[in-house]
Amino acid sequence: MAAPTVHVPVLPAEVLQWLDPQPGKILVDGTLGGGGHTRMMAERLGDEGYVVAVDRDAIPLQRAEETLAGLPVKVAHANFVEIPKILDSLEIDQVDGILLDLGLSSDQLADDERGFSFESDGPLDLRFDFRDKKTAADLVNHLKEKDLADLIYQNGEERLSRRIAKKICHIRKETPFETSKQLADVVASCYPRAGGSGRGRIHPATRTFQALRIAVNRELSSLETALETLPDRLKPGGRLAIISFHSLEDRPVKQAFIDDPRLNRLTRKPITATDEEIAANPRSRTAKLRVAERVG
């Protein structure tokens with residue numbers, strides 16, 4: 001049995017408000033994670049409705065067998081870009097709502113064997129799905145210096161990307177990178193000691209790890225595909241709700257909701273967490289929820 005979840009769903013009241021689960025509706029949670037959003041929606045759907053819960057990570061699906069038992073939930077081990085195929089397999093043409101909560105879960109961060117924590121002596125992995133073959137260590141140890149610098153800059157918006165890539169490539173000649181802490185310490189050493197990261201509360205390695213995680217899991221290309229295909233699987237009036245945690249996710253969501261003729265943008269500005277929620281769940285600090293509705 002998977003370890004109990006430590007993940008707290010962000011913007012729970014706002015998700016319920018905008019997706020409005022009602023008896024008989026069919027909803028999709030494209031990022032099951034700790035199961036919090038799925039549970040809240042499923043509890044309001046009655047006997048005739050249900051949630052299709054999807055995750056690339058097998059561990060949340062194992063946990064859901066126990067924690068969501070008795071609720072109207074159907075689970076699938078898949079990337080959210082595969083939602084259309086999953087709905088086809090269930091003989092569902094269109095649904096009433098789809099939720100995507102992008103990024104990293106607290107459960108993944110807490111698992112040292114996944115390598116998401118900067119203090120982890122576990123392997124530098126960063127995969128959401130262990131069926132994928134390439135890890136973050138593969139990228140760090142084998143990419144050319146220029147390609148590594150470009151990846152860190154483009155996916156992490158890291159201003160010191162070239163300095164970081166140069167130091168990584170120098171060190172890996174003698175000692176290949178194996179653990180997350182090993183990489184985090186090297187990245188931190190690229191910053192002036194007095195100035196820290198220059199970015200307030202975040203760790204100096206945050207953007208480098210973000211860049212590697214995005215590359216390993218093909219997160220931005222998956223989001224692009226989802227924005228192209230998911231609106232067709234919504235009923236007229238059905239809603240697509242997406243929670244993002246950084247600008248590389250939020251920008252394409254915002255633009256798609258503006259430009260896509262299939263969608264009517266319902267949130268002119270992103271919905272963010274209240275001070276009370278941030279105090280209780282610091283991870284919600286950077287969360288942005290945008291919602292669009294399928295036009296008739």
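## The largest nonpolar core

In this predicted model, the largest nonpolar core has 31 residues, and Leu-124, Ile-168, Leu-183, Phe-209 and Leu-212 are the ones that touch the most other members. At least two residues of this core come from each of α6 (136–142), α7 (145–156), α8 (161–172), α9 (180–189) and α10 (206–217). Another core lies apart from it, made of 28 residues that include Ala-76, Phe-80, Leu-234 and Leu-263.

When neighbours within four places in sequence are left aside, Ile-168 is in contact with Val-140, Leu-148, Phe-177, Leu-183 and Val-186. Phe-209, which belongs to helix α10, is buried because its relative accessible area is 5%, and buried means under 20%. Not counting residues up to four places away in sequence, Phe-209 touches Gly-115, Phe-116, Phe-118, Leu-124, Leu-126, Ser-180, Leu-183 and Ala-184. Of these, Phe-118 is 91 residues away from Phe-209 along the chain, while the C-alpha atoms of the two are separated by 8.5 Å.

## The seven-stranded sheet

The model also contains an open sheet of seven strands, which follow the order β3-β2-β1-β4-β5-β7-β6 and show mixed pairing. At the edges stand β3 and β6 (263–265), each of which pairs on one side only. From one strand to the next, the twist averages 20°.

Strands β2 and β3 (residues 73–77) run parallel and are joined by five bridges, with Val-52 standing opposite Lys-74 in β3. Strand β1 (residues 26–29) is joined to β2 by four bridges, again in a parallel arrangement, and here Asp-29 has Ala-53 of β2 as its bridge partner. On to β4 (residues 95–101), three bridges connect this strand with β1, and the two run parallel; in this pair, Leu-27 stands opposite Gly-97 in β4.

## Strand β2 and its crossovers

Strand β2 (residues 50–55) is mostly covered, since six of its six residues are buried. The cover extends to both faces of β2, with Tyr-50, Val-52 and Val-54 buried on one side and Val-51, Ala-53 and Asp-55 buried on the other.

Helices link β2 with the strands on either side of the sheet order. A right-handed β-α-β unit is made by β1, helix α2 (residues 36–42) and β2. From β2 the chain then crosses through helix α3 (residues 58–67) to β3, in a β-α-β crossover that is right-handed. Helix α3 lies across β2 and β3, and runs at about 155° to β3.

Arg-218 lies in the loop between α10 and α11, and its phi is near 50°, a positive value in a residue other than glycine. Why does Arg-218 count as partly exposed? Its relative accessibility is 40%, and so it falls between the limits of 20% for buried and 50% for exposed.

## Two further loop residues

Asp-132 has its place in the loop between α5 (106–110) and α6. With a relative accessible area of 17%, Asp-132 is buried.

Glu-91 is found in another loop, between α4 (83–89) and β4. At 76% relative accessibility, Glu-91 counts as exposed. Most residues other than glycine have a negative phi. The phi of Glu-91, however, is near 60°, which is a positive value in a residue other than glycine.

Key:
Residues are numbered from 1 along each chain as its sequence is written. This is a predicted model: local features need pLDDT of at least 70, side-chain atom pairs count only at pLDDT 80 or more; totals for chains, interfaces and linings use all residues. Side-chain values use heavy atoms; hydrogens and water are left out. A nonpolar core is a set of buried Ala, Val, Leu, Ile, Met, Phe, Trp, Tyr and Cys residues joined through side-chain atoms within 4.5 Å. Buried means under 20% relative accessible area, exposed over 50%, partly exposed in between (1.4 Å probe, protein chains only). Contact means heavy atoms within 4.5 Å. Two strands pair if DSSP finds at least two bridges between them. A crossover is right-handed if, with the strands pointing away from the viewer, the path from the first strand over the helix to the second runs clockwise. Axes are lines fitted to C-alpha atoms, for helices over the stretch in contact, and angles run from 0 to 180 degrees between N-to-C directions.
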